[in-house]
Structures are given as structure tokens and as C-alpha cells.
Amino acid sequence: MNIFEYLDEIQAELFQKSFEEIEAKYYEVCSTIAGIDIEKRIRNINLDIYQTQLRSSLYEALHIVNEQSIEAIYFEYDMENDWESTFFVCDEYSSLSEEDDDWASDWIEEVEGPINKEFAYIYQENGFDSTEKAKAVTLFLVVRTVIAFGTVAQSMKVNVPLCIGFHDQDPIMRIKE
């Protein structure tokens, strides 16, 4: 299992499947490879407060969009540092098909996002992709983060491309193009 191939697959699924279908798939991957105990541990983390904080930060970023000429919002989270996150408000954007995410490194405003220490702790126990178990755990943590973000975004009026990625992810994922 190559984790980067799975990340590419998740991107394609974001445009083709429901969030429930995506979560179910990676729930199965995690439980099969990493075991039911770790899968349940991840799945049982309540994301209500995290999503409320995401909503608040996204609302602040959208306020900037409405005041300025903005092309995209990029949400980045750092798995290595308590799952800290930031919304980057960008005045440039390149579509996924252009295969150039340099625009996301050149933002004009940033908004602090939430942290998720529970995800970070599980990630630190396993690492990124050193074992098959670590890969499965990382993928499920990524999927739960993407789905939490996507769910919040769907509940709001977002009229610019909306992207998400973990720190140094390439390519970053598009929730809305």
C-alpha cells in the first residue's frame, strides 16, 4: 500500500462520492490493516467542538474573501504539532489539473484554525507511513479531518475554491474547485 496513491484516490473520491462513502471505505482500510481497536479509537473521537471551531475560522476567512479580491482558501493542518491548523487566504489559485500548488504558499491573510490533540497523539504513536498500520491510521485520520472540514464547508456559502492539506502535502486536496 502506497499512502500517496491513496491520497490521490481520496482526492478523486471527493468529487465522486459522498463523505459517508469515503469514511466507510477508510474505516474498513483502517480496521482491516491496523485493527478494530485503533479504528474505533479514531472513530469515537467526537469532532463537534473541532467542527464548531472550523466553522468559526472559515467564517472569518470568508469575511476576508468578501472584502478583498480573493481566489482561494487553503486550510492546512500540521500532524506533527497537535494537528494545529491555519486558513490561508490566497489571491492566486491553480486548478488541480494544472498540477501546481505553489499558489498556496503565497497567501495574503491567515486565520488561525483549531487543533486536534487527540488526532495528533494517535498519529505520534504510529507515525506517517513507516508500517502498514501507520499508513492505515494516517489515512483514516486524514479522511476524518477532510470530512470534518468538508462537512463544515457544505453548510456554508463558499464561492471560492476551497482546499485542504496537511503540512507539506503535495498535491493539496480540493474540496471545491
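## Exercises on a predicted single-chain model

The accessible surface of the chain is about 8,800 Å², and carbon and sulfur atoms account for 43% of it. The model is predicted.

**Exercise 1.** Which pattern do the helices and strands follow along the sequence, and how does the radius of gyration compare with the globule rule?

*Solution.* Step one is the inventory: six helices and five strands. Step two is their order, which reads α-α-α-α-β-β-β-α-α-β-β. Step three is the overall size. The radius of gyration is 16 Å, close to the 16 Å that the globule rule gives for 177 residues, so the chain is as compact as a globular protein of that length. Along the principal axes, the C-alpha atoms fill a box of roughly 50 × 35 × 30 Å.

**Exercise 2.** Find what share of the residues is buried and what share of the contacts between residues at least 6 apart joins residues at least 24 apart.

*Solution.* Take burial to mean under 20% relative accessible area. By that cut-off, 53% of the 177 residues are buried. Next, consider contacts between residues at least 6 apart in sequence: 68% of them join residues at least 24 apart.

**Exercise 3.** Describe the largest nonpolar core and name the residues that touch the most other members.

*Solution.* The largest nonpolar core has 57 residues, and those touching the most other members are Tyr26, Leu58, Ile73, Trp83 and Phe87. Helix H6, residues 132-154, gives the most to this core, with 13 residues. Now follow Leu58. Leaving out residues up to four places away in sequence, Leu58 touches Ile73, Phe87, Val152, Ala153, Met156, Val158 and Leu162. A second, separate core holds eight residues, among them Phe88, Cys90, Trp103 and Cys163. As background, nonpolar side chains in soluble globular proteins tend to be buried together.

**Exercise 4.** How many side chains are positive and how many negative, and how far apart are the centres of the two sets?

*Solution.* The count gives 13 positive and 37 negative side chains. The centres of these two sets lie 10 Å apart.

Conventions: Residues numbered from 1 in each chain as written. Predicted model: local features only at pLDDT ≥ 70, side-chain atom pairs only at ≥ 80, totals over all residues. Heavy atoms only, no water. Helix = DSSP H or I, 4+ residues; strand = E, 2+ residues; numbered from the N terminus. Rg over C-alpha atoms; globule rule 2.2 N^0.38 Å. Buried < 20%, exposed > 50% of the residue type's maximum accessible area, 1.4 Å probe, protein only. Contact = heavy atoms within 4.5 Å. Areas by Shrake-Rupley, 256 points an atom, 1.4 Å probe, with all protein chains shown as cover. Lys, Arg positive; Asp, Glu negative; His and termini not counted. Charge placed at Lys NZ, Arg CZ, Asp CG, Glu CD. Core = buried A, V, L, I, M, F, W, Y, C linked by side-chain atoms within 4.5 Å.
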